Amino acid sequence: MQAWYLCENPYPYVPQEVLDNVDSVRGSLPNRYCDPKVAARLYEECLDEYRLCNEMGLNIISNEHHAGINCLYGASPLILGILARETKNVRILSLGTLVTARPDPVRIAEEYATADVISRGRLDIGFVKSGGSEMASANSNPIGNLERFWESIDLIKTALTAHDGPVSWEGKYFTHRHINIWPPPYQRPHPPLWAATSDPETSVELAKRDIINATFVRGPDGTRKSWDAYRQARKDAGMSPAGPDRFAYMGFTYVGDSDEEGLEIGDKSLWFLRVGARSAAQFSRMLPGATPAAQAPVLYRTAPPPTLAGGVPHVGRPAAAFRNVTAEQAVQRGVMFAGNPDTVFRQIMEFYDKVGGFEHLILMGRSGFMTHEEAEKGIRMFAKEVLPRLKEVKHAPVA
Amino acid sequence: MSGSADKITVNGIELEVLRRGQGAPVVLLHGMDTVSPKAPFLDLLGQHVEVIAPSAPGFGNSPRPADFDTIYDLTHLYLGLLEQLPYEKVTLMGLSFGGWLAAEVAVASCHRIANLLLVDPVGIKIGDRETRDILDVFNTNPADVKGKSWADPAKAPDYDSMTDEELVIHARNWESLCLYAWHPYMYNPQLKQWLGRISAPTLVLWGDRDGIVTPDYGRAYAKLIRGAEFALIEGAGHHPEQEQPERFVRAVMGFLGD
């Protein structure tokens, strides 16, 4: 197995009385609550943590979110530029630039190709569907988001693989008459492609496009469902069976000297779900198109009628289901791996067995009020004590 | 034809149509939500005129064909509808979002329009580039949107007492409105300079307490249409036809001449 480290670089230092009185910590929280001097320290620390990952042989993930306390990385390609130069040993995955929130996918392809060249072919490219408050922050229509997602991926792939002079694109959402990016990507035909999604319908599409499927906070059952759909879609399409290298799972992860320490520090990262995910109704359940219209009776009424309360899927972003989760519950539900090295390895392998195996483990690392020192200790402990054992894992032959 | 809902097909596109009353034909283009068949103003208006209220594709129970997703599509659909109806001329009335569409249709052609009624319409840009004319109903907390939409928010639809079907339609309407009107938000930058083309007698009606888009915007709108009258409906927000049905119908019939 391979491991990838992700830190979203949150900004948790907003006074509690402010947080208690706003409807959203994303999208609309005034940026006067973000002190750029504090932000500068956070960037420095988090980029140092990435540098440590490079030293310890832990691959790196860069992501982006906009206008919120959950993530100070507003532009993944910008951070990729730093990482491509500062690291030498590990792979860098952008998971990802919010492609549906950018008007010109060709520019994204250009930025990715540049990072791939600077890093001499160490870039992986990931796509995230986006949604929620990101639609407001980017002025992007939430209706048609999914269709734009697929078209932008297709266009980026076209831009990355066209090498014989300008090509043209006249799609539904994007048009570009003169696509000819310089430099082209270092890796051919293009860097490996990933996408983060947790719904089986999207997994089916990823399978057909041979894109690595990463899931997040779905736990073993939801993950298995998505990956089974992926495997089946490959079969249905007459493609080669999906191996474990097509699957990635992201869990909050912290390795301490003891189980107590692992849980105590790991608990801090759950701030991401408890506080950092809080989003106003207009950016979540009431966002047009976020939930099928057929579920409106549950969405709009103050209390769902008993006949509908059961069996209706949870609406909104998955994180909303974890608002009051404890560290122990998070571990139990397979959204966090925390404890001493033996415990964490065992938790990961239990999850591995439940979902039918996967090649890529994504560690959601520093979050909330976890300190720089704690984050670096966790990275070192994981890289020294757990990663070597994961690298030894032999996947079962692909059926 | 009282209280019936039927269908009409324009350019191969099927539209649900609500019909009410008898008399001179009034084509009513709904606003952000479709017109509820239970709305009291329908019966009041139906005592004087025949109301023909189509649901735009994606709204109400009208299907939305693939690639039908712009104001351009809606404008041409309604131009086609006016040509297809068995009347030489109709009164075209648009509420809010439908007022925008009615203005677009009238700019394109007034050949089939006897009178134009715009009720709290959106669709144009009046203020400077840093002043939004129309409340952002998508990016604003729903409770604030409700407060700005109604002179008396107690008159807002009560989701708890609506049927499942009504709520599903409301959600479809919300999605479709977002599709058509997200960007540029609720207006066509080109429309303002063409409003002078409208040749039909026009009344611009406005809820005096509209917090979605203010009466001043309405006055500016009316000034751009030759000879247009402007009138306020007292005690109404963005939906005067629902909040003050009697006053609304009185104002409409005062203009049309009963």
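Let's start in chain A. Helix 2 (residues 36-56) of chain A packs on helix 3 (residues 76-86) of chain A at an angle of about 40 degrees, and the axes are 10 Å apart. That makes helix 2 of chain A oblique to helix 3 of chain A. On terms: angles under 35 degrees are roughly parallel, over 145 roughly antiparallel, 65 to 115 roughly perpendicular, and the rest oblique. Axes are lines fitted to C-alpha atoms, for helices over the stretch in contact, with angles from 0 to 180 degrees between N-to-C directions. Helices (H or I, at least four residues) and strands (E, at least two) are DSSP runs, numbered from the N terminus.

A word on the source: this is a predicted model, where local features need pLDDT of at least 70, side-chain atom pairs count only at pLDDT 80 or more, and totals for chains, interfaces and linings use all residues. Residues are numbered from 1 along each chain as its sequence is written, chains are lettered from A and ligands numbered from 1 in the order in which they are written, and side-chain values use heavy atoms, with hydrogens and water left out.

Back to that first pair. Helix 2 of chain A passes helix 3 of chain A in a right-handed crossing. Right-handed means the near helix is turned clockwise from the far one by less than a right angle; left-handed means anticlockwise. From helix 2 of chain A, the contact uses A:Leu47, A:Tyr50, A:Arg51 and A:Asn54; helix 3 of chain A brings A:Ile79, A:Ile82, A:Leu83 and A:Glu86. Contact here is heavy atoms within 4.5 Å. By class, this contact has 5 nonpolar, 1 polar and 2 charged residues. Ala, Val, Leu, Ile, Met, Phe, Trp, Tyr, Cys and Pro count as nonpolar, Asp, Glu, Lys and Arg as charged, and the others, Gly among them, as polar.

Next pair. Helix 4 (residues 105-118) and helix 6 (residues 145-161) of chain A pack at about 50 degrees, axes 8 Å apart. Helix 4 of chain A and helix 6 of chain A are therefore oblique to each other. Their crossing is right-handed. A:Pro105, A:Val106, A:Ile108, A:Ala109 and A:Ala113 of helix 4 meet A:Ser152, A:Leu155, A:Ile156, A:Ala159 and A:Leu160 of helix 6. What classes do these residues fall into? There are 9 nonpolar, 1 polar and no charged.

Third pair. The axes of helix 14 (residues 341-355) and helix 15 (residues 372-391) of chain A come within 10 Å and cross at roughly 45 degrees. Helix 14 of chain A passes helix 15 of chain A in a right-handed crossing. Helix 14 contributes residues including A:Phe345 and A:Ile348; helix 15 contributes residues including A:Phe382 and A:Arg389. The contact has 9 nonpolar, no polar and 3 charged residues.

Now the interface. 23 residues of chain B are in contact with 25 residues of chain A. The buried area is about 2000 Å², and carbon and sulfur atoms give 58% of it. Buried area is the accessible area (1.4 Å probe) that two parts lose on being put together, summed over both. In chain B, B:Asp160, B:Glu175 and B:Trp182 lose the most area to chain A, together 26% of what that side buries.

How many salt bridges cross the interface of chain B and chain A? The rule finds 3. That rule asks for a side-chain nitrogen of Lys or Arg within 4 Å of a carboxyl oxygen of Asp or Glu. The side chains of B:Asp69 and A:Lys172 form a salt bridge (2.5 Å, N to O).

Over all chains, the count comes to 33 salt bridges. A:Asp199 and A:Lys129 pair through their side chains (2.5 Å, N to O). A:Asp199 lies in the loop between strand 7 (193-196) and helix 7 (200-208) of chain A, and A:Lys129 in the loop between strand 4 (123-128) and helix 5 (133-137) of chain A, so the pair ties together parts that are 70 residues apart in sequence.

Last, the backbone. Most residues other than glycine have a negative phi, and most peptide bonds are trans. A cis peptide bond joins A:Trp182 and A:Pro183, omega about -10 degrees. The bond from B:His183 to B:Pro184 is cis, with omega near -10 degrees. A:Asn139 has a positive phi, near 60 degrees. A:Asn139 sits in the loop between helix 5 and helix 6 of chain A.
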